[in-house]
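These are my notebook entries on one chain.

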Amino acid sequence: MKLGSAVAAAALLAVVTACGPGTAGGGDGGTRIGIDHPRADSDFWNSYIKYVPRMAGELKVDLMPATNSQNDVAKLVNNVQALIGQGAKVIVMAPQDTGAVANTLQQLENKKIPVVTVDTRPDKGKVYMVVRADNRAYGTKACEFLGEKLGGKGKVVQLQGALSSINGRDRSEAFLECMKTKFPGITVFSEPTEWEGSKAASMLQTRLEQNPDIKGIYMHAGGVHLAPTLQVLKQKGLLVPPGDPKHIFVVSNDGIPQEYAAIRKGDIDATVSQPADLYAKYALFYAKAAADGKTFKPGPTDHGSTIIQLPNGLEDQLPAPLVTKDNVDDKSLWGNQAG
């Protein structure tokens, strides 16, 4: 089969097997869907949390009162047990420790309760659908941006998330692989912050003291890393416009309004827009589809993404564009619509 025919066949397959959000009916609105939010200490996740009830209304989802596991896997397990006890027929969650939820997922599978995970992909355990962007692409985009800005040489700091999370690992590994392959003249200092702003500030402070010639920073999560990073740079007199020789190029991940404001001011230079609105929308879309007994197969979707096959389920990889001063005012970006 020629390539063009193969692509066309894949597109047709996705259309036949995966209904769009406008055609996902079939339920009577009475199937209760439980949802656990992962944390409330991040501007990104707080934005996602605000989108959830709005999307539930648009999709006519019977959403139970949400729980919040506060970045604690033990609380996540307890919250899931409570949601099951209250009659949840589908569970939406965003486990921050992607290796520690296998037993909970096994229990849900045994009870025939489908699971949709948001932003994170469990290492083991069956999932109906993972709603997530390509996090390896985040790391690659950040690498290419900094590599070009630094002219392929110099030093950069990578403020990693938690490496117990698939997101932290994907972003970190892709960033390092890209640097090694495309920009071998750049030295990378990787700092595992566990998604904690205080750790990010301390680690960045130490690295800048030891290496005052650092010229680039990659933040895995603007929601928790932005404010402490800017504070450290300001304290050291390094929060200067891009044209200043002392400017340190900063690229982030999340796409929150605060990052866009920082780009406009010239405090940071770029971010990858992680789609909080689409995470909420398609998490509930797939939860409703699971309740209705619908099934999906790998291939292009009708909403600009691609469903891929995982060892333990499927993943809908939503688009996540790089945002710079050139497109920061694009009204289609969720960060320009929030709040």
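At what angle do helix 8 and helix 9 pack, and how far apart are their axes? I worked from a predicted model, in which local features need pLDDT of at least 70, side-chain atom pairs count only at pLDDT 80 or more, and totals for chains, interfaces and linings use all residues. Residues are numbered from 1 along each chain as its sequence is written, and side-chain values use heavy atoms, with hydrogens and water left out.

Entry 1, the helix pair. I found that helix 8 (residues 222-235) packs against helix 9 (residues 257-265) at about 40°, with the axes 9 Å apart. I noted the crossing of the two helices as left-handed (the near helix is turned anticlockwise from the far one by less than a right angle).

Entry 2, the contact. Gly222, Leu226 and Leu230 of helix 8 meet Gln258, Glu259 and Ala262 of helix 9 (contact means heavy atoms within 4.5 Å). By class, I recorded 3 nonpolar, 2 polar and 1 charged residues in this contact; Gly counts as polar.

I looked up 10 helices and 14 strands (DSSP runs of at least four residues for helices and at least two for strands). The C-alpha trace spans about 60 × 50 × 35 Å along its principal axes. Of the 339 residues, 52% count as buried (under 20% relative accessible area, 1.4 Å probe). Among contacts between residues at least 6 apart in sequence, 72% join residues at least 24 apart.

Technical notes: Axes are lines fitted to C-alpha atoms, for helices over the stretch in contact, and angles run from 0 to 180 degrees between N-to-C directions. Buried means under 20% relative accessible area, exposed over 50%, partly exposed in between (1.4 Å probe, protein chains only).
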